[in-house]
Amino acid sequence: MLWNKQMLTPAAEGGTSAPASSAANSTANASTNGEAVANAPYRAAVITLSDKGAAGQREDKSGPLAAQMLADAGIETVEQTILPDDENTLADKLRALCDGGGVDLILTTGGTGLSPRDHTPEATLRVAEKNMPGIAEAMRAASLAVTKRAMLSRGVSVVRGQTLIINLPGSPKAVGETLGFILPALPHGLEMLTGRGGECGNAPVSGK
């Protein structure tokens, strides 16, 4: 066996080998980068669906409220926008955000009711790759304790790629209630979805 000149790592005859210090630095850098990604805040986009809001005829209060609640939970809102109540426009925006890899979570607000211009669930389902019904069901269940009208909400929750999409109601009051109810569970869901966490089955089981 031949050794390289630095006498740090063995090298096969006719081959080369990187110094151990370089290999150690590469390992350390990879570990540091991995920790940085794991510790980085989750990134979110908030989309308000409103014809009047998009036309500048109505102030959007629901979108900023959702973004503030996310910030309070340590989730960074990297994009906040208002779109008209148009199914194709929303579907295109959702695809672009998810496929661009820039966000882990998308919250929409508005367009989940029964009016002719309410198309948010349809646009969301068009881009979905996996259904996540539990989130939407939990929001409706919590809202039913406040008002029976909650059963009229058609909001859905789905996954596309590594992005979670959740339809919130349109009013600021309803946004505060529903998002406040599901927010504590979202970091764990995002951890699993983005691969930052381990397998759920590896978590310690009480009593074992």
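**Figure 1. Arg117 and Asp51 join in a salt bridge.** The N to O distance is 3.0 Å. A salt bridge here is a side-chain nitrogen of Lys or Arg within 4 Å of a carboxyl oxygen of Asp or Glu. The pair ties distant parts of the chain, 66 residues apart. Arg117 sits in the loop between β5 (105-109) and α5 (120-127), and Asp51 in helix α2 (residues 51-54). Helices (H or I, at least four residues) and strands (E, at least two) are DSSP runs, numbered from the N terminus. Arg117 is partly exposed at 38% relative accessible area. Asp51 is partly exposed too, at 29%. Buried means under 20% relative accessible area, exposed over 50%, and partly exposed in between (1.4 Å probe, protein chains only). The model is predicted, with local features needing pLDDT of at least 70 and side-chain atom pairs pLDDT 80 or more, while totals for chains, interfaces and linings use all residues. Residues are numbered from 1 along each chain as its sequence is written, and side-chain values use heavy atoms, without hydrogens and water.

**Figure 2. Arg154 and Glu122 form a salt bridge.** Their closest N and O atoms are 2.6 Å apart. This pair also links distant parts of the chain, 32 residues apart. Arg154 lies in the loop between α6 (133-144) and β7 (157-160), Glu122 in helix α5. Arg154 is partly exposed at 25%. Glu122 is partly exposed at 30%.

Figure 3. Glu177 is partly exposed at 29%, whereas Lys173 is exposed at 56%. In total, the structure holds eight salt bridges.

**Figure 4. The largest pocket has a volume of about 430 Å³.** Of its 22 lining residues, Arg149, Ala150, Ser153, Pro169 and Ala174 are closest to the centre. The elements giving two or more residues to the lining are α6, β8 (163-168) and α7. A pocket is an open set of points on a 1 Å grid over the protein atoms alone where a 1.4 Å probe fits, with protein on both sides within 12 Å along at least five of seven lines; lining residues have an atom within 4 Å of a point. The volume is the space filled by probe spheres set on the points, which are joined across faces, edges and corners.

**Figure 5. The second largest pocket holds about 290 Å³ of space.** Of its 16 lining residues, Thr48, Leu49, Ser50, Arg58 and Gly170 are closest to the centre. β3 (43-49) and α2 each give two or more residues to the lining.
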